[in-house]
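Open the model in your viewer and keep the sequence panel beside it. This tour says what to select at each stop and what is there.

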Amino acid sequence: MSTIMQLTPEEERKRNQRNWAIAGVLLAFVVLVFVVTIVKLGGNVMNRPL
Amino acid sequence: MTGVAAPATERPGASLAGPADYLALLKPRVMSLVVFTALATIIVAPGSIHPVIAVAALLCIAVGAGAAGALNQWYDADIDAIMIRTRARPVPSGKIGAQQALEFGATLAAFSVFAMAFLVGYVAAALLAATIAFYVFVYTMWLKRSTVQNIVIGGAAGALPPVIGWAAVTGNAFDTLPWLLFLIIFLWTPPHFWALALAGSEDYARAKVPMLPVVKGSRATRNHILAYTFLLIAATGTPFALGLLGPVYGATALIGCLGFLGFAVALWRAPKEAERTAAMRLFAYSIFYLFAVFTALAAERLIGLAPGA
């Protein structure tokens, strides 16, 4: 039988804060990988059949 | 049902820890010194690195250092809970569970090393992995509780970031200058931490951590601090003497070393009742000293006065 865990309002607020922090860090990492990729490709970014 | 929930720490999945608590787990003050020494070395290293890659390298170093700090706090929670200086940290205070600290630290450690490998280079990544492993396995798990030389040998972990920064730019870790910078931080670490340990020796004694003041006493510690100060001065002057760094660094190093010697001698001569004040002065000055020395070598390169610039 499964139990549903009840969080207090404060625990829910902290969980939301943690979730937003994780989302922000992941988004920043995606942006960093994208920018580094563009930098490493350099001038070759357009060097492909269109 | 009463409607009264058990404390968050007793219910799996419930937590009152916020992002700030997880940030505290990364020891941000230690991280700032590590990142700064790496940044200065990235600036002074020969060759060029794209600013975006440099930022990526510094982020990886910061996260890797933070991960090592989190793993240290996981392993040392029992000691931290006893010591006044550390008992408010997230794990001993109960804000973050030990298991969460372990998972957080291990995840970030792996993440930082892989990100360094793919975004910056394999040599820098290997050095970062070695730094984290040395800090966690050699210093935290082995040396800290077993030998009076704990922070002397363990200091190697904190001294490696300049070598990582150098490798991020050059792809090579076997040059003279980054290892001289390593030596400066390596020899700076004992007087820095022993000054702190002198000021809080009862704390370390209570936690049974064999710091030098606890095991050998105050006089021996002050002698050691003075001896390491002379070694630090010699190491700091070497890059200038070898012509690897220029006059801006040389002048800053000279003034900085005179100051360091002044505070170390003041501690060495201080009467017992003034020891704590003198120790804390040296501790505070040592942080300023390291920032000043690394600022000078970076500034010298930026204004074009470094040798070969």
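Helices here are DSSP runs of H or I with at least four residues, strands are runs of E with at least two, and both are numbered from the N terminus. This is a predicted model, where local features need pLDDT of at least 70, side-chain atom pairs count only at pLDDT 80 or more, and totals for chains, interfaces and linings use all residues. Residues are numbered from 1 along each chain as its sequence is written, while chains are lettered from A and ligands numbered from 1 in the order in which they are written.

**Stop 1: chain B**

Select chain B. Its secondary structure comes to 14 helices and zero strands. The radius of gyration is taken over C-alpha atoms, and the globule rule is 2.2 Å times the number of residues to the power 0.38. Chain B has a radius of gyration of 20 Å, close to the 19 Å that the rule gives for 309 residues, so it is as compact as a globular protein of that length. Along the principal axes, its C-alpha atoms fill a box of roughly 75 × 55 × 30 Å.

Colour by pLDDT, the predictor's confidence in each residue, from 0 to 100. The mean for chain B is 93, and 95% of its residues reach 70 or more. The model as a whole scores ipTM 0.83 and pTM 0.91.

Now look at burial. A residue is buried if 20 or more other C-beta atoms lie within 10 Å of its own, exposed if 12 or fewer, and partly exposed in between, with C-beta atoms placed from the backbone. Buried residues make up 49% of the 309 residues in chain B.

**Stop 2: helix H9 and the core**

Select residues 176-199 of chain B, which form helix H9. B:Leu181 lies in this helix. Is B:Leu181 buried or exposed? B:Leu181 counts as buried, with 30 C-beta neighbours inside 10 Å. Two residues are in contact if their C-beta atoms, placed from the backbone, lie within 7 Å. Setting aside neighbours within four places in sequence, B:Leu181 is in contact with B:Thr41 and B:Pro162.

Next, show the core. A nonpolar core is a set of buried Ala, Val, Leu, Ile, Met, Phe, Trp, Tyr and Cys residues joined through C-beta atoms within 7 Å. The largest one has 104 residues, and B:Ala57, B:Met116, B:Ala124, B:Leu128, B:Ile164 and B:Ala195 have the most contacts inside it. Helix H9 of chain B gives the largest share of this core, 15 residues. Centre on B:Ala195. Beyond four places in sequence, its contacts are B:Ile225, B:Leu267, B:Ala279, B:Leu282, B:Phe283 and B:Ser286.

**Stop 3: helix H14**

Select residues 275-302 of chain B, helix H14. The expected span of a helix is 1.5 Å times one less than its number of residues. For these 28 residues that should be 40 Å, and the end C-alpha atoms are 40 Å apart, which agrees. B:Gly304 follows the helix, with a positive phi near 80°.

**Stop 4: the loop between H1 and H2**

Go to the loop between helix H1 (19-25) and helix H2 (28-44) of chain B, where B:Leu26 lies. B:Leu26 is buried, with 21 other C-beta atoms within 10 Å. Not counting residues up to four places away in sequence, B:Leu26 touches B:Met31, B:Gly66, B:Gly69 and B:Ala70.

B:Lys27 is in this loop too. Its phi is near 50°, a positive value in a residue other than glycine. B:Lys27 counts as partly exposed, with 18 C-beta neighbours inside 10 Å.

Then jump to B:Lys208, in the loop between helix H10 (201-206) and helix H11 (212-216) of chain B. B:Lys208 also has a positive phi, of about 60°, although it is not a glycine. B:Lys208 is exposed, with 10 other C-beta atoms within 10 Å.

**Stop 5: chain A and the contact**

Select chain A. It has one helix and zero strands. Its radius of gyration is 20 Å, whereas a compact globule of 50 residues would have one near 10 Å. Buried residues make up 2% of chain A.

In H3(B), 19 of the 25 residues are buried, so it is largely enclosed by the rest of the structure.
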